[in-house]
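Hi there,

Here is the structure I promised to pass on.

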Amino acid sequence: MPNRRLLQDRLIHAIAGAERYSAKVAILFLDLDNFKKINDSMGHGLGDRFLKSVSERLNSIIRDSDTLARFGGDEFVVILEGSCKIDDLSSSCQRILEGFEEPIPVDEHVFFTSFSIGISVYPDDSKDPEELLRCADSAMYQAKAQGGSGYCFFTADLNSRTRERLLLETHLRKALERDQLRLHYQPQIDLFSGKMVGMEALMRWAHPEWGMISPGEFIPLAEETGMIVAFGEWALRTACKQGVDWQKKGHPAVRVSVNISARQFRHGKLVQTISEILRETGFEPGLLELEITESMVMDNVEEAILTMEKITSLGVNLAIDDFGTGYSSLQYLQRFPVRRLKIDRSFIQGSADDPHHAAITSAVIALSKTLDMKVVAEGVEMMKHLDFLLTRECDLGQGYLFAPPLPPEEISQALRDFEGNHEWKSRIEQVNNTR
Ligand code: C2E
Ligand code: MG
Ligand code: MG
């Protein structure tokens with residue numbers, strides 16, 4: 001089956017022909033809806049044989065005059081050179097979807113599967129082969145967002161979103177080499193001593209024209225495009241170097257937490273990267289903590305536990321971030337080599353007024369005490385949040401009440417500042433004196 005390179009050649013050829021005869025060319029971008037699940041649960045060997053059967057089935061459905069190519073992973077592309085009327089394209093897609101209503105046999109198993117299909121047309125959507133593929137790809141995402149097992153035509157509205165995304169993506173690709181990424185550090189306060197005992201490193205993108213961009217706006221894109229692996233490695237190295245630097249300046253040794261993305265966590269080289277960075281920077285492993293989320297772990301529990309154990313065997317700590325927003329099996333939680341749970345800020349912020357949020361926060365604190373884990377409350381903004389956490393004996397707090405995420409050069413000042421008088425500090429002292 002033609003691969004991506006050959007597909008590009010054929011597409012250029014088809015477009016050249018169409019240009020000559022004022023004809024049209026359509027692209028169908030196909031993506032399997034459940035390949036990851038099959039691949040993860042049955043192993044990669046079987047996954048490969050499954051993909052082979054899928055391509056044979058596709059080949060038997062499409063016409064001989066059409067080109068079918070494997071684009072990568074579980075993505076296929078069909079080039080249609082005949083009629084590109086909407087009705088005809090719809091029925092082509094329909095034929096493919098119906099062709100997969102019968103299950104796919106692999107070895108002694110059978111699998112049900114389906115496709116999400118995106119359609120773009122030359123010259124209506126674009127005249128450029130690369131861009132035509134991107135248009136079909138974004139239409140495919142639209143089909144996927146509508147629940148899969150269906151097809152979507154590319155539209156101009158998708159186009160403006162694609163353009164925006166493309167612009168962001170183009171700039172983001174240069175962010176690392178142009179030295180535009182930054183880490184800010186947010187203090188974590190021990191709610192028994194009132195002292196700063198840790199910091200969370202939070203990434204920012206300092207764009208020369210667009211200004212400081214928050215991670216919510218670029219981390220998802222970095223994750224989707226795979227850039228996150230390089231970004232994450234940069235964050236780890238920068239945080240460790242910074243930690244060493246602060247110690248050299250005579251700051252007390254505090255823990256630094258770094259967020260790890262799903263893609264990074266599943267990347268085979270994570271453990272090796274961490275140990276190389278520790279060796280290279282000389283940062284004490286016990287002072288490094290990695291934050292992962294529930295969903296990353298619950299996707300493939302056994303493999304995740306193995307990765308977690310390899311990480312903790314380096315002496316590095318693990319924390320579960322945004323706890324309570326995903327779904328965790330309590331049975332597994334007990335097997336995770338995790339030191340800390342971070343309760344999601346939505347619960348903390350509701351805790352003072354909403355009895356349900358208060359109940360969840362209390363339950364998570366109690367649960368973690370039983371499991372011998374520490375709890376960090378995220379998003380502590382107001383005194384009433386702190387008061388609630390103090391009555392529940394929560395271990396640590398992080399939030400605007402204590403300090404926002406700060407650029408590294410402001411941390412020394414913050415440390416000095418924490419020595420002074422604060423309402424939150426006297427409240428912590430007051431409560432702990434009566435305990
Ligand atoms: P997170 O790990 O849950 O980080 C906590 C977020 O809460 C941060 O948002 C922080 O600025 C914000 N926050 C802290 N205190 C308060 C408060 O009192 N009130 C409110 N409303 N918010 C507070 P930020 O910096 O925008 O980061 C958002 C998310 O982006 C992070 O959530 C994390 O999931 C992700 N992220 C940040 N840096 C990295 C990174 O280096 N790598 C990866 N993979 N993800 C990152
Ligand atoms: Mg975090
Ligand atoms: Mg969080």
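A polar contact here is a pair of N or O atoms within 3.5 Å; within protein, one must be able to donate a hydrogen and the other to accept it, and residues adjacent in sequence count only if both atoms are side-chain atoms. Ligand 1 has such a contact at Tyr-400, where an oxygen atom of the ligand is 2.9 Å from a polar backbone atom.

Before the rest, some housekeeping: this is a predicted model, in which local features need pLDDT of at least 70 and side-chain atom pairs count only at pLDDT 80 or more, while totals for chains, interfaces and linings use all residues. Residues are numbered from 1 along each chain as its sequence is written, chains are lettered from A and ligands numbered from 1 in the order in which they are written, and side-chain values use heavy atoms, leaving out hydrogens and water.

Back to the ligand. Around ligand 1 there are 24 residues (a residue counts if one of its heavy atoms lies within 4 Å), and the closest are Arg-204, Asp-321, Arg-345, Glu-381 and Tyr-400. The side chain of Glu-200 has an N or O atom 2.9 Å from an oxygen atom of the ligand, and a polar backbone atom of Met-203 lies 3.0 Å from a ligand nitrogen.

Now the helices (DSSP runs of H or I, at least four residues; strands are runs of E, at least two; both are numbered from the N terminus). Helix H1 (residues 4-20) packs against H5 at about 110°, with the axes 10 Å apart. Axes are lines fitted to C-alpha atoms, for helices over the stretch in contact, and angles run from 0 to 180 degrees between N-to-C directions. H1 is therefore roughly perpendicular to H5 (65 to 115 degrees; under 35 is roughly parallel, over 145 roughly antiparallel and the rest oblique). In contact (heavy atoms within 4.5 Å) are Leu-7, Gln-8, Leu-11, Ile-12 and Ile-15 of H1 with Pro-129, Glu-130, Leu-132 and Leu-133 of H5.

The axes of H8 (residues 228-248) and H10 (residues 270-281) come within 10 Å and cross at roughly 30°, so these two helices are roughly parallel.

Two backbone details to finish. The peptide bond from Tyr-122 to Pro-123 is cis, with omega near 0°, and Pro-123 sits in the loop between strand S6 (115-122) and helix H5 (129-145). Asp-107, in the loop between strands S4 (104-106) and S5 (109-111), has a positive phi near 50° although not a glycine.

Best wishes
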